[in-house]
Amino acid sequence: MSRRGGLLWALTLRCRTASELLSRELDEPLNKMEWLGVRGHLISCRSCRRFRRQIQWIRKAIRIRGESHTYSKTKDAALTEEARRRIARAIQDAEPDSK
Amino acid sequence: MTADRSPQAEETASFRSREAANSWLEEHGDALFRYARSRVSRRELAEDLVQDTFVAALQSRDQYQGGSSVRTWLIAILRHKIIDHHRRVASGRAEPAGLLEGSSGDFFADDDHWKRPPASWKTPDDIVEDGEFREVLDGCLNRMPRAIAAVFLLREMEGLDTEALRQRLDISEGNLRVRLHRARLLLRECLQNRWFATTGDTP
């Protein structure tokens with residue numbers, strides 16, 4: 001039987017399962033059978049090799065997006081006057097040192 | 001209350017606190033906004049988070065130890081606000097039922113093969129800093145179901161690990177895996193359709 005996690009399962013898993021494992025591998029280590037299964041699948045599946053490369057690339061892109069304040073020189077570089085006034089008003093209305 | 005905390009003294013202290021908060025806004029407002037803007041894809045949300053940060057800083061001014069710079073302290077508060085925002089969205093119960101059921105259903109055929117196999121991507125190193133690409137990326141993030149995008153951003157942008165995510169969101173291991181998997185499937189396909197399919201790559 002191809003019990004989930006067994007050897008036969010590992011040798012016959014298809015793209016749906018492979019993509020689950022490739023995603024999970026970015027978050028936590030796989031067990032040996034899962035690792036073996038997904039590596040075996042990748043040898044013969046170009047689509048899943050692309051999926052793997054692309055979600056890794058997306059991870060990098062998101063990280064760089066999150067660091068963009070360090071080089072940003074776009075229209076998003078400063079608060080608008082309106083936002084600044086709104087925030088100043090919120091500071092006036094706030095209760096300082098409230099316990 | 002001690003004797004020197006007379007109403008008058010309180011008023012002076014509160015005035016001084018507000019003065020400080022206003023000078024923080026003057027000095028650090030734009031930097032905080034840039035930080036918020038790099039972490040959330042909507043401008044109004046970034047503004048709200050910056051506002052919440054200044055109010056929280058004013059209220060917890062006593063806790064500022066002076067060990068780090070004011071800006072570092074403010075950024076730490078802001079980051080906390082951003083994570084908290086994602087956490088609230090991620091644990092929102094407003095998502096339609098069945099959203100997370102059979103998560104990969106629309107991506108795979110009955111025989112478990114890709115319905116629309118991933119195409120080849122050309123990914124030069126500098127495209128991530130390209131403004132046009134960033135707009136497409138933000139658009140794709142905004143099109144994802146909010147509860148899925150929020151978990152994904154906590155993982156990929158804020159760098160929380162799965163243990164921290166499970167605890168903060170109070171969701172099961174399986175639910176977390178399904179959401180991250182679905183986020184990657186959705187974002188990958190959206191980028192392919194809206195960016196890579198139009199940049200003239202070779203198959």
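Glu189(B) is buried, at a relative accessible area of 17%, where buried means under 20% relative accessible area, exposed over 50% and partly exposed in between, taken with a 1.4 Å probe on protein chains only. Its salt-bridge partner is Arg116(B), and the closest N and O atoms of the two are 3.0 Å apart; a salt bridge here is a side-chain nitrogen of Lys or Arg within 4 Å of a carboxyl oxygen of Asp or Glu. The pair links distant parts of the chain, for Arg116(B) stands in the loop between H3 and helix H4 (131-143) of chain B, and Glu189(B), 73 residues apart from it, in helix H7 of chain B. Arg116(B), at 39% relative accessibility, counts as partly exposed.

This is a predicted model, in which local features need pLDDT of at least 70 and side-chain atom pairs count only at pLDDT 80 or more, whereas totals for chains, interfaces and linings use all residues. Residues are numbered from 1 along each chain as its sequence is written, chains are lettered from A and ligands numbered from 1 in the order in which they are written, and side-chain values use heavy atoms, with hydrogens and water left out.

Chain B has seven helices and zero strands, helices (H or I, at least four residues) and strands (E, at least two) being DSSP runs numbered from the N terminus. Of its 203 residues, 46% count as buried. Among contacts in chain B (heavy atoms within 4.5 Å) between residues at least 6 apart in sequence, 74% join residues at least 24 apart.

One place to look within chain B is Glu158(B), which is found in the loop between helix H5 (146-156) and helix H6 (162-169) and is buried, with a relative accessible area of 6%. Its side chain makes a polar contact with the side chain of Arg39(B) at 2.9 Å; such a contact is a pair of N or O atoms within 3.5 Å, and within protein one must be able to donate a hydrogen and the other to accept it, while residues adjacent in sequence count only if both atoms are side-chain atoms. Leaving aside residues up to four places away in sequence, Glu158(B) touches Arg39(B), Arg79(B), Ile82(B), Ile83(B) and Leu153(B). With the same exclusion of residues up to four places away, Ile83(B) touches Leu154(B), Glu158(B), Leu160(B) and Arg168(B).

The contact between the chains takes 51 residues from chain A and 69 residues from chain B. The area buried between them is about 5700 Å², of which carbon and sulfur atoms give 54%; buried area is the accessible area (1.4 Å probe) that two parts lose on being put together, summed over both. In chain A, Arg16(A), Trp57(A) and Arg65(A) lose the most area to chain B, together 14% of what that side buries.

Across this interface the rule finds 11 salt bridges. One of them joins Arg84(A) to Asp30(B), with the closest N and O atoms 2.8 Å apart. Another pairs Asp27(A) with Arg184(B), where the closest N and O atoms are 2.9 Å apart; it crosses from the loop between H2 and helix H3 (32-44) of chain A to helix H7 (residues 173-194) of chain B, and both residues are buried. Salt bridges that share partners join Asp27(A), Arg59(A), Arg63(A), Arg155(B), Glu156(B) and Arg184(B) into one network.

The largest nonpolar core has 29 residues, and those with the most contacts inside it are Ile87(A), Ile91(A), Trp24(B), Val50(B), Phe54(B), Leu74(B) and Leu78(B); a nonpolar core is a set of buried Ala, Val, Leu, Ile, Met, Phe, Trp, Tyr and Cys residues joined through side-chain atoms within 4.5 Å. H5 of chain A, together with helix H1 (7-39), helix H2 (43-59) and helix H3 (70-90) of chain B, are the elements that give two or more residues to this core, and H2(B) provides the largest share, nine residues. Apart from it lies another core, of 24 residues, among them Ile58(A), Ile148(B), Phe152(B) and Ala183(B).
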